[in-house]
Amino acid sequence: MATDTLRWNGDYNGQVEMIDQTLLPTQYKTISIGDIEAMWEAIKVLRVRGAPAIGIAAAYGVILGIQKSVDSCSLDDVKQKVVQSCDYLATSRPTAVNLFWALDRIKTKAITGNAATSQQLAEELLKEANAIRDEDAQMCRAIGQNGKHLIPDGGGVLTHCNAGGLATADYGTALAVMFAAHEDGKKFRVFADETRPLLQGSRLTAWELQKAGIDVTVNCDNMAGWMMSQKMIDLVIVGADRIAANGDAANKIGTYSVAVLANYHNIPFYVAAPYSTFDMTLPEGSGIPIEQRDKSEIIEFSPGRRTAPHDVKVYNPAFDVTPAKLITGIITEKGLFKPEQIAQNNI
Ligand code: MRU
């Protein structure tokens, strides 16, 4: 069930190959990303998206940023180029902390590593970027195992956005729990909020689950409350882009509304995320930067087809923050925790 979302091909002079997620589900196409500017653009326009995946993409982006300097520049100059590349890629998207976590990890390796030449440095950094990818794949598997018991046989699960293989190096966070339960032979139904405005739920989550043979139904975001009242939903599982030390969790816009609805209907609401999504420097979610995106995403349902008056004002935050008090549990690679246990357990 793993998705080959992105990978590095070749030595440090190589390229990244990734699925262009903007084209799914009508077109499955992999593209080659051969320079840092193309990687920045791919992250910005969501060709690669989902918190863990953009962390991996950014780590590979640094290799793309230094590769032309390796044979012609001194070790110190290439280290300088690493820092510049990290600073540049950090401007692509602000909310998912995995991006900054991965860039910090690459930068720290460059500064503290043992490389004696520019070539050795490039090799070490590529190894580190590949390690970030491989560790993410293992974390997905562990999250799946740690959460699969939560899904009742015959139950209904609601999810929002896409926290699946396309958002990670393997088979996701929220969707990992579903894939693992499915592998155990459980029968259940998944409802995928379509996730306006960019439709990650209907375009990506439904595509992944259907491909895996899991019973999936797409619904518009504004149907979730009614579906809960009709007893169609037994639990909600979503991913996260950044979790503060108190357990407040940022995820795709609309997640907060789902959590409020789940609370009203006494339905458990779970967040699934690896440690690279935790930001222990932030005591609470109010400090999480929320990305504001272009108005065209809202007023042009598909490019060129306007669905709102010309020049209308638009508010388009890409994420919201669900307060810890609305979260039943956080499923991590280390186990299932209550939000208030996150800081105590130093996740
Ligand atoms: O804007 P996106 O598509 O990058 O938003 C993605 C999400 O909100 C996901 O739910 C989150 O990154 C978790 S992915 C495991």
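The dialogue below goes through the ligand, the cavities, the pocket and some backbone features.

Guide: First, some ground rules. This is a predicted model, where local features need pLDDT of at least 70, side-chain atom pairs count only at pLDDT 80 or more, and totals for chains, interfaces and linings use all residues. Residues are numbered from 1 along each chain as its sequence is written, and side-chain values use heavy atoms, with hydrogens and water left out.

Visitor: What lies 2.6 Å from an oxygen atom of the ligand?

Guide: Think of polar contacts: pairs of N or O atoms within 3.5 Å; within protein, one must be able to donate a hydrogen and the other to accept it, and residues adjacent in sequence count only if both atoms are side-chain atoms. At 2.6 Å from a ligand oxygen is an N or O atom in the side chain of asparagine 251. Aspartate 241 places a polar side-chain atom 2.8 Å from an oxygen of the ligand. Alanine 51 uses its backbone instead: an N or O atom there is 2.8 Å from a ligand oxygen.

Visitor: How much of the ligand does the protein cover?

Guide: Accessible areas come from the Shrake-Rupley method with a 1.4 Å probe; for residues, only the protein chains shown count as cover. On its own, the ligand has 420 Å² of accessible area, and the protein covers 99% of that.

Visitor: How many cavities of 30 Å³ or more are there?

Guide: Take a 1 Å grid over the protein atoms alone. A cavity is a set of points where a 1.4 Å probe fits but cannot get out; a pocket is an open set with protein on both sides within 12 Å along at least five of seven lines; lining residues have an atom within 4 Å of a point. Points are joined across faces, edges and corners, and a volume is the space filled by probe spheres set on them. This structure holds three cavities of 30 Å³ or more.

Visitor: What is the largest cavity like?

Guide: The largest cavity has about 220 Å³ of space. The ligand takes up that space; a molecule sits in a cavity if more than half of its atoms lie within 2 Å of its grid points. There are 28 lining residues, with Arg49, Gly50, Ala51, Asn162 and Asp241 nearest the centre. H2 gives the most, three residues. By class, the lining has 13 nonpolar, 10 polar and five charged residues.

Visitor: And the second largest cavity?

Guide: Its volume is about 50 Å³. Its lining includes Pro52, Trp101 and Ser276. H2, helix H4 (97-112) and helix H5 (118-147) each supply at least two lining residues.

Visitor: What about the largest pocket?

Guide: The largest pocket holds about 560 Å³ of space. It is lined by 16 residues; Leu198, Glu300, Phe301, Ser302 and Pro303 are closest to its centre. Strand S12 (300-302) gives the largest share, three residues. The lining has seven nonpolar, three polar and six charged residues.

Visitor: Where are the cis peptide bonds?

Guide: Look at omega. Proline 25 is in the loop between strand S2 (15-19) and strand S3 (30-33). Another joins arginine 196 and proline 197, also with omega about 5°. Proline 197 lies in the loop between strand S5 (189-193) and helix H7 (200-211).

Visitor: Which residue has a positive phi although it is not a glycine?

Guide: Threonine 195, with phi about 75°. Threonine 195 lies in the loop between S5 and H7.

Key
Helix = DSSP H or I, 4+ residues; strand = E, 2+ residues; numbered from the N terminus. Nonpolar A, V, L, I, M, F, W, Y, C, P; charged D, E, K, R; others polar.
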